[in-house]
Amino acid sequence: MSKGPFTISTPIYYVNAAPHLGTAYTTVGADTIARFKRMDGYDTLLMTGMDEHGQKVADTAEAKGMSPQEWCDSMEPAFREVWDLLDINYDEFIRTTQPRHARTVQKFWNDLYEKGWLYKGRYEGWYCVHEETYYAESDLEKNEDGVFVCPECHRPVQQSSGEENWFFKMSAFQDQLLAFYDEHPDYIQPVTRRNEVVNFVKSGLKDLSISRSTFDWGVPLPFDEGHVAYVWADALLCYFTGCGYADPAREGEFEARWPMNYHFVGKDIVRFHCVIWPAMLMAAGYPITQKVFGHGFLLTKGEKMSKSKGNGVMPKDLVRVFGVDAYRYYFMSDVQFGHDGNISMERMVQVYNADLANTWGNLVSRVFNMTGKYFDGVVPAAPASAAENPLAKIAADLYRTYNEAMNAVDFTAAAAAVQKLASAANHYIEDAAPWNLAKDPARADELAAVIYNALEACRIIALFFAPFMPNTSAETWRRLGLGDVNAVTDIEGEAAWGKLPAGNPVEKGDPLFPRLNLDDIDLNMD
Ligand code: MSP
């Protein structure tokens, strides 16, 4: 029976360039949680998509000599290809140019218009096209030529022509937002981001311009067709579209899924998700998403990786060298999700060899080989005292530790909990020395017990690694004569010690993670 709905989103990405390591990072994180929640019995929905409106995308299309729509259409395959390559098991792919999304945006803002939360005013201020963000002059920085630049991306900003815009009375929600943060201490994670948001709101909220009339690449506002929705007033509503808001084809689903559980975002867009978005929801009378997790940036040599900086290495380049599972494992386990993290080829090779080739992969090879050698490739009978071996003890605690870590979005801790069992199983084999037991027919039962326990540990490790590494886990289960690990819906039940049936065929197979040598890799991440 389902444990109920679990709904999680990545941001929807601007389509000015194909996904890079930074955008893939958010997406792999959300997918890892979603895979775990599916295996833990939740009716899980993972949404991702493309943010297609706004001036930045329109400018990119123009530079490419295409209409904005043609440009966006041409980018959809680029996004889907990368997500398929990285085994992102998404349920909803939202494009802001989809008619269903235009319906969401129009219905939502019309509702706020009717409720009296909007007014027309003149926008006097500055705008950064790259960040798609409005700035007051006091927020800006100046470059060496004395030109005002964006405090985020340091590009020159544009001065508004003082055009008429529609404004959302966001300032009215200051106290309500502060009370909400207070009552929901877990809403913004990690806690450092929470403090930034609280201080920002305390310093005073301004009303928000939610429409543009100087250009037309956006969703027209139904009550004033000369205006299109500001790109964030459009994009944030993708979460409603993904949950089935006002969708006649998905009756009842929105009501069942809203409020959703998690928005995964980078730290640069926490403010949009934790100030503007909840204020919009409060105005419309909807509950707020349960949690927003603002992860850090991937850095190379201390600098943020970005599409525009084009550090060059794309997800497919790393997948070619390491394989998709090791790619996912490295980013999830080695870069603590809330913090900025330096990535490098040296470190990636190091983690790959230590954790995957030498620990987990090595365990599978040696145990499966010994099963071939000593038991003709068949799982031996389980020992009578199964529950009393050291591996069973570690396994007994694994669901609890792992579940806690995943709920805290601590991928590093969750992966480490699984690795602990893999290391322990390697030590167990060293200590038990099956190659000596095999020489003494009087110790045949002991040999069978050691091999059974080691195989059972492999089954359980593969089970818990599946959200991180769906392919090698599926392969391990297949080699153990078991079904599809990614189709499990009761991970806790499956983790019970002793479920590996004696008599199952065990296939040796090739190494799951062949050792890599940094000198042989023709790829540079700098
Ligand atoms: N379109 C908006 C999001 C709208 S959601 C309603 C947007 N798009 S984006 O393509 O610019 O970036 C999306 C995400 O990628 C952000 O969460 C951002 O933090 C993340 N990353 C971009 N570069 C990154 C790194 N170098 N490292 C980690 N994540 C980074 O913003």
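Six of the eight residues of helix H11 (residues 315-322) are buried, so this helix is largely enclosed by the rest of the structure. Here, buried means under 20% relative accessible area, exposed over 50%, and partly exposed in between, with a 1.4 Å probe and protein chains only. The model is predicted: local features need pLDDT of at least 70, side-chain atom pairs count only at pLDDT 80 or more, and totals for chains, interfaces and linings use all residues. Residues are numbered from 1 along each chain as its sequence is written, and side-chain values use heavy atoms, with hydrogens and water left out.

**Helix H11**

- The buried residues of H11 are Pro315, Asp317, Leu318, Val319, Val321 and Phe322.
- Their cover includes helix H1 (21-39), helix H3 (68-85), helix H12 (324-334) and helix H13 (345-375).

**Overall fold**

- The protein contains 19 helices and 20 strands, where helices (H or I, at least four residues) and strands (E, at least two) are DSSP runs numbered from the N terminus.
- Its radius of gyration is 26 Å, close to the 24 Å that the globule rule gives for 526 residues, so the protein is as compact as a globular protein of that length. The radius is taken over C-alpha atoms, and the rule is 2.2 Å times the number of residues to the power 0.38.
- The C-alpha trace spans about 90 × 50 × 40 Å along its principal axes.
- Of the 526 residues in the protein, 58% are buried.
- Among contacts (heavy atoms within 4.5 Å) with a separation of 6 or more, 77% are between residues 24 or more positions apart.

**Aromatic rings**

- Rings of Phe, Tyr and Trp (its six-membered ring) pair if their centres lie within 6.5 Å; planes under 30 degrees apart count as stacked, over 60 as edge-to-face and the rest as tilted.
- By this rule there are 49 aromatic pairs.
- The ring centres of Phe322 and Tyr352 lie 5.9 Å apart with their planes at 65°, so this pair is edge-to-face.
- The pair links distant parts of the chain, with Phe322 in helix H11 and Tyr352 in helix H13, 30 residues apart.
- Both Phe322 and Tyr352 are buried.
- One aromatic cluster has among its members Phe108, Trp109, Trp117 and Phe168.

**Ser211**

- Ser211 lies in strand S13 (residues 211-212) and is buried, with a relative accessible area of 0%.
- Leaving aside neighbours within four places in sequence, the residues in contact with Ser211 include Tyr134, Asn165, Trp166 and His227.
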